[in-house]
Amino acid sequence: MLNARRTLDARWMEHHRKTVKGFMISHIEIYRGAEDPHWDAATDSIVGPEPVLLWKGPARLQANKDWRARDVRSASDPQMIQFIRVQVPMNDPVAGRVPHLRPSDTIRVLDGHVPDNWELDPDLARWRLRVRNTLNSSYPWLRNILCGVDISDMREEP
């Protein structure tokens, strides 16, 4: 009767759903540009509409160990890109369902909902995370988002 047993314990999905959600101690906003920005010769600047807020809720952020920081050249602009994995709940009771994301959507870290005596790294709010990969796993409780961060372009204040 060994083959009659399920591969996964019936409690596995419920256990992992709670475990992963317990690590989502940051709070993020996900934005999408309403249209592509364009160059305005009169003002000598790039202009475009304000980004649209797509979703706001809890998240877990961690450097992606498979993609170390890489030196990248974009025209004459040298960049150092670090890849970050952002995990968000697929359907949060307060924030709602995460919409379909596109490459180049932007993620902003707001603050942390950390347990007592824990401290959130304040530098997280200084980076602009660009969505690079929106493919997901079969886990029905979270979405994995791969983001690139230009670490040569840190904002001075969050």
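Student: How many aromatic pairs does a search of the whole structure find?

Tutor: The search comes back with 0. To pair, rings of Phe, Tyr and Trp (its six-membered ring) need centres within 6.5 Å. Keep in mind that this is a predicted model, with local features needing pLDDT of at least 70 and side-chain atom pairs counting only at pLDDT 80 or more, while totals for chains, interfaces and linings use all residues. Residues are numbered from 1 along each chain as its sequence is written, and side-chain values use heavy atoms, leaving out hydrogens and water.

Student: What makes Arg 60 count as lying over the face of Phe 23?

Tutor: A charge sits over a ring if NZ of Lys or CZ of Arg is within 6 Å of the ring centre and within 35 degrees of the ring normal. Arg 60 is at 5.9 Å from the ring centre of Phe 23 and lies over its face.

Student: Why is Trp 141 called buried?

Tutor: Buried means under 20% relative accessible area (exposed is over 50%, partly exposed in between; 1.4 Å probe, protein chains only). Trp 141 comes out at 7%, so it's buried.

Student: Which residues does Trp 141 touch, leaving out those up to four places away in sequence?

Tutor: Contact means heavy atoms within 4.5 Å. Trp 141 touches Trp 12, Met 13, His 16, Arg 17, Val 20, Val 88, Pro 89 and Met 90.

Student: How far apart are Trp 141 and Asn 91 in sequence and in space?

Tutor: They're 50 residues apart in sequence, yet 7.0 Å apart in space, C-alpha to C-alpha.

Conventions. Phe/Tyr/Trp six-rings, centres within 6.5 Å; stacked < 30°, edge-to-face > 60°.
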